[in-house]
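I opened this notebook to record what I looked up about ring contacts and backbone geometry. The entries follow in the order in which I made them.

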Amino acid sequence: MSLLEINGLRRSFYGLEVLRGVDFAVEAGGITGLIGPNGAGKTTLFNVVSGLVPPNGGSILFDGREMAGKSPDVISRAGLLRTFQVARGFPKLSVFQHLMLYGRDQPGENLLTAIFGSRAAREREVELAEKALETARFLRLDKLIDNPATALSGGQKKLLEIGRALMAEPKLVLLDEPTAGVNPTLQNEIGERLLELPKRGITVLLIEHDMGFIAHLCDPVIVMAEGQVLTQGTFDQVRNDHRVREAYLGKRAA
Ligand SMILES: Nc1ncnc2c1ncn2[C@@H]1O[C@H](COP(=O)(O)OP(=O)(O)OP(=O)(O)O)[C@@H](O)[C@H]1O
Ligand SMILES: [Mg+2]
């Protein structure tokens, strides 16, 4: 069984079909790429899979459970986390506070606190703080841990966004353009961090426009165009597929 299985997923906005029956699967343990021209529906797909936008039809099986139409809260608790194309957050909070905030909402936590009272809560706080430090160290943000998030560079904000997802110990993360607008050095750095995730038991599905980055990190690569999956394969396979070239060039140019 695949970790994520999507079948016949559909979503329209104002009568316009943006997802027109999306089918694909993501196997556990690797980094899968999701590419396609602007407007193909990639971000919309992430919005639907993460529960932000309900689908009009189709199925999203995650870890054997149907998630179509479930709330983001239920989906993230099941171990499916996403990041945003444009980093979101609370400008006044420090890096550390950001990480603590997103590590909090673990399953069973309220029950534990209710039963064992403040001691368990304090222990949990210490545990979370250690995890936040470890996450910051892993992402090489530890020297900046007390800085406000606004003081971070664009690339460091992207890393913090990834850290936020990691704090919840996900099984699968959906990363929407994790290196968009980032300089090449930091892009390499982010790539190296992402390559570590499968080793930590985290499967990755990522959207990116930079083909060098996709080639270096992702296998397989899924190609979306006009709200459907066009093809999938290794980077070289999809690169040499004439339908993919046509999708990027636009039908008239092909
Ligand atoms: N909430 C919404 N309301 C109306 N239209 C929407 C909404 N969300 C997405 N769309 C439309 O869906 C289409 C696909 O957009 P989407 O953001 O999913 O593309 P994308 O593949 O992520 O593109 P890019 O590579 O440029 O980020 C676009 O035409 C967009 O305008
Ligand atoms: Mg997008």
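This is a predicted model: local features need pLDDT of at least 70, side-chain atom pairs count only at pLDDT 80 or more; totals for chains, interfaces and linings use all residues.

The entries below cover ring contacts and then backbone geometry.

Residues are numbered from 1 along each chain as its sequence is written, chains are lettered from A and ligands numbered from 1 in the order in which they are written, and side-chain values use heavy atoms, with hydrogens and water left out.

I searched the whole structure for aromatic pairs and found zero, a pair being rings of Phe, Tyr and Trp (its six-membered ring) with centres within 6.5 Å. I then looked for a charge over a ring (NZ of Lys or CZ of Arg within 6 Å of the ring centre and within 35 degrees of the ring normal), and I noted arginine 200 over the face of phenylalanine 138, at 3.8 Å from the ring centre.

Backbone. I found a cis peptide bond between aspartate 219 and proline 220, with omega about 0°; proline 220 belongs to the loop between α7 (211-217) and β9 (221-225), where helices (H or I, at least four residues) and strands (E, at least two) are DSSP runs numbered from the N terminus.

Glutamate 169, although not a glycine, has a positive phi of about 50°, and lies in the loop between α5 (154-167) and β7 (172-176). Glutamate 177 also has a positive phi of about 50°, in the loop between β7 and α6 (184-196).

Buried or exposed, I asked of glutamate 169? Glutamate 169 counts as exposed because its relative accessibility is 51%, while glutamate 177 is buried at 9% relative accessible area (buried is under 20%, exposed over 50%, partly exposed in between, with a 1.4 Å probe and protein chains only).

Key
Rings of Phe, Tyr and Trp (its six-membered ring) pair if their centres lie within 6.5 Å; planes under 30 degrees apart count as stacked, over 60 as edge-to-face and the rest as tilted.
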